[in-house]
Structure formats: C-alpha cells, structure tokens
Amino acid sequence: MRFGAMFSIGDPAKAGRLIWLPKKRVLELELTPAGEGLFGEVAQARFQSLSLALKAQTLVSKAA
C-alpha cells in the first residue's frame, strides 16, 4: 500500500501499472511519462521492498 501511495496523482492509471507474473516471479512496473517523474528514490526503495516480500525479480519499463 505504501508503494501505491507514491502514485497518488488522482487516477493511478495515469502514472503506470503494476504487473505481477507469479509463475516467473517477476514484478513489472510500467511507467507513463507522468509516472516517471513520481518514481524517485523513495518510490524505488518501496518497489524493491515489495519485490523482496514477494521474492520476485523486478522489471521497470516505459509504457508504450
């Protein structure tokens, strides 16, 4: 929940989307241009913390 709070800009879909691939244990964060500006040091640390809790690898990409 703390990680999601970092993207509170009205509609969270405008910041990006979080994709969980359980079979591969991959957590992907797809950022929009607006979301890139919100993905600072604290948000990155919280994203890493979330991935550690899920025992997952992370992938950060730009939305098409």
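**Figure 1. Parallel pairing of β2 with β3.** In this predicted model, strand β3 (residues 57-62) is joined to β2 by six bridges, and the two strands run parallel. Two strands are taken to pair if DSSP finds at least two bridges between them. Strands are DSSP runs (E) of at least two residues and helices are runs (H or I) of at least four residues, both numbered from the N terminus. Within this pairing, E28 has L59 in β3 as its bridge partner. Residues are numbered from 1 along each chain as its sequence is written, side-chain values use heavy atoms, and hydrogens and water are left out. Local features need pLDDT of at least 70 and side-chain atom pairs count only at pLDDT 80 or more, whereas totals for chains, interfaces and linings use all residues.

**Figure 2. The β1-β2 hairpin.** Strand β1 (residues 16-21) pairs with β2 in the antiparallel sense over six bridges. The two strands form a hairpin with four residues between them, and R25 in the turn has a positive phi of about 55°. Opposite L31 in β2 stands G16, R17 has E30 as its bridge partner, and L18 stands opposite L29.

Figure 3. The open sheet has the order β1-β2-β3, with mixed pairing. Its edge strands are β1 and β3, each of which pairs on one side only. The twist averages 15° from one strand to the next; axes are lines fitted to C-alpha atoms, for helices over the stretch in contact, and angles run from 0 to 180 degrees between N-to-C directions. Six of the six residues of β2 are buried, so this strand is largely enclosed by the rest of the structure. Buried means under 20% relative accessible area, exposed over 50%, and partly exposed in between (1.4 Å probe, protein chains only). In a regular strand the side chains alternate between the two faces of the sheet. From β2, V26, E28 and E30 point one way and L27, L29 and L31 the other way.

**Figure 4. The largest nonpolar core.** This core has seven residues: L27, L29, L31, F39, A43, F47 and A56. Strand β2 and helix α3 (41-54) each supply at least two of its residues, and β2 gives the most, with three. A nonpolar core is a set of buried Ala, Val, Leu, Ile, Met, Phe, Trp, Tyr and Cys residues joined through side-chain atoms within 4.5 Å.

**Figure 5. The aromatic pair F39 and F47****.** A search of the whole structure finds one aromatic pair. F39 and F47 form this pair, edge-to-face, at 6.1 Å centre to centre with 75° between the planes. Rings of Phe, Tyr and Trp (its six-membered ring) pair if their centres lie within 6.5 Å; planes under 30 degrees apart count as stacked, over 60 as edge-to-face and the rest as tilted. F39 and F47 are both buried.

**Figure 6. The surroundings of T32****.** T32 lies in the loop between β2 (26-31) and α2 (33-38). This residue counts as buried because its relative accessibility is 16%. Leaving aside neighbours within four places in sequence, T32 is in contact (heavy atoms within 4.5 Å) with A13, K14, A15, G16 and A63.
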